[in-house]
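Dear colleague,

I am handing over a structure for you to look at, and below it I set out what was found. Please keep the structure open while you read.

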Amino acid sequence: DMNVGQLAGQLALINANTPKDAVILLNPRDSLSRYVPFYAERHILQGTVKISKEQQWQVLSFCNGPYNEMCLKRFLLATRFFNHPTPSNLNEIRQVYKVDYILANQSTGEDVLIDSQSLDIEEIARDSSYVLYMIKS
C-alpha cells in the first residue's frame, strides 16, 4: 500500500492530465485503483457506470454480491492486458468498454513495460512511479 504523500502525488498526476469523465485502465492488483474513483473522481475499468460513486467505492473495495461476475470479467481482462500488453488484448477490452487512458506503474516491476508505438498510445505524463498514456484511436 502507498502512503498519503505518494497517493496525493499520483492523484494530482491523474487530475492534471485527464478530464473528469475519463476512464482509466490500471492494473487491478495496484492499490491505487481503490482510490481513483473516490478521490480523483475518474472512472476505472474495474468499476461500473450503473451505480453511484459512493456505491462504486464499496463495490471496488469488496466486489461481491450481484456485481461479482461483472467485476471478475473486468478484472480478468485488465489483468491479461497488464501481463501481456499487446494490441489484441487492448482491443479486446475496447470492443466492450470505453477506455481513454492507461496508467502503468513502472516502479514495482509488476507492470510489464508498455510499448506505446505498437499500442497506438501516447505518453502524456509521468512521475517517479507511474506513466500515464492516452489511447489515440
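A residue is called buried when its relative accessible area is under 20%, exposed when that area is over 50%, and partly exposed in between, with a 1.4 Å probe and protein chains only. This is a predicted model, in which local features need pLDDT of at least 70 and side-chain atom pairs count only at pLDDT 80 or more, while totals for chains, interfaces and linings use all residues. Residues are numbered from 1 along each chain as its sequence is written, and side-chain values use heavy atoms, with hydrogens and water left out.

Phe75 lies in helix H4, residues 68-83 (helices are DSSP runs, H or I, of at least four residues, numbered from the N terminus), and because its relative accessibility is 34%, Phe75 counts as partly exposed. Thr79 is found in helix H4 as well, but Thr79 is buried, at a relative accessible area of 12%. Between these two residues, the backbone oxygen of Phe75 lies 2.7 Å from a polar atom of the Thr79 side chain. Leaving aside residues up to four places away in sequence, Thr79 touches Pro28 and Arg29, where contact means heavy atoms within 4.5 Å.

A search of the whole structure finds 1 aromatic pair (rings of Phe, Tyr and Trp, the last by its six-membered ring, pair if their centres lie within 6.5 Å; planes under 30 degrees apart count as stacked, over 60 as edge-to-face and the rest as tilted). The ring centres of Phe81 and Phe82 are 5.3 Å apart and their planes stand at 80 degrees, so the pair is edge-to-face. Both Phe81 and Phe82 are buried.

How values were computed:
Helices (H or I, at least four residues) and strands (E, at least two) are DSSP runs, numbered from the N terminus. A polar contact is a pair of N or O atoms within 3.5 Å; within protein, one must be able to donate a hydrogen and the other to accept it, and residues adjacent in sequence count only if both atoms are side-chain atoms.
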